[in-house]
Amino acid sequence: MKIGSHLIRKYPFSCLFLALIWILCFCTPPHTPLDNVAFIDKWTHIAMYGGTCSAIWIEYLRGHKDISKSRLFVWAWLAPVLMSGLIEILQATCTGGRRSGDWLDFAANTAGATLAAVIGILLVKWRARG
């Protein structure tokens, strides 16, 4: 329990975004006029993972003076990418047909996490100059 409270205290927005991803990925999405926009689902996945991984980077950089590149790689890129793969597998096998696992969603999630990593790396370089 100590680890969980530590994570929530140091990474509140990241934890909130991660919880929202899990909830949203297993709810039935409502129909909206945006359904007619090409690739809206993929753009949504890129935004969700880009925003979440950006929050992880920002909260990590805010809370640590010494930067561990390996920790950032694992927790701000690899773990969210693996989580997205797990979610896609669970959607395909555990939702009774309400949701379907889509490897293009996985690719969009990975693109969002990668975009956040590029932004994070630029933030690290900017911070080092200042």
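Which residues make up the largest nonpolar core? This is a predicted model, and in it that core consists of eight residues: Tyr11, Ile56, Trp57, Tyr60, Leu61, Leu72, Ala76 and Ala117. Two elements, α3 (40-63) and α4 (69-94), each give two or more residues to this core. The most comes from α3, with four residues.

Let me stay with one member of that core, Tyr60. Setting aside neighbours within four places in sequence, Tyr60 is in contact with Tyr11, Asp66, Ile67, Ser68, Arg71 and Leu72. There is also a second, separate core of six residues, among them Ile21, Tyr49, Met83 and Ile87. In soluble globular proteins, nonpolar side chains tend to be buried together.

Phe13, Leu16, Leu20, Ile23 and Leu24 make a nonpolar surface patch of about 490 Å². Leu24 lies in helix α2 (residues 12-26), and this residue counts as partly exposed because its relative accessibility is 49%.

Finally, the cysteines. How many disulfides does the count give? The count comes to zero. A disulfide requires a pair of cysteine sulfur atoms within 2.5 Å. For Cys15, the closest cysteine sulfur is in Cys53, 13 Å away, so the two are too far apart for a bond. For Cys94, the closest cysteine sulfur belongs to Cys25, at 14 Å, which is again too far for a bond.

Terms used:
Residues are numbered from 1 along each chain as its sequence is written. This is a predicted model: local features need pLDDT of at least 70, side-chain atom pairs count only at pLDDT 80 or more; totals for chains, interfaces and linings use all residues. Side-chain values use heavy atoms; hydrogens and water are left out. Patches are made of residues with over 30% relative accessible area and no salt bridge: like charges are joined within 9 Å, nonpolar side chains (Val, Leu, Ile, Met, Phe, Trp, Tyr) within 5 Å. Accessible areas come from the Shrake-Rupley method with a 1.4 Å probe; for residues, only the protein chains shown count as cover. A salt bridge is a side-chain nitrogen of Lys or Arg within 4 Å of a carboxyl oxygen of Asp or Glu. Buried means under 20% relative accessible area, exposed over 50%, partly exposed in between (1.4 Å probe, protein chains only). A nonpolar core is a set of buried Ala, Val, Leu, Ile, Met, Phe, Trp, Tyr and Cys residues joined through side-chain atoms within 4.5 Å. Contact means heavy atoms within 4.5 Å.
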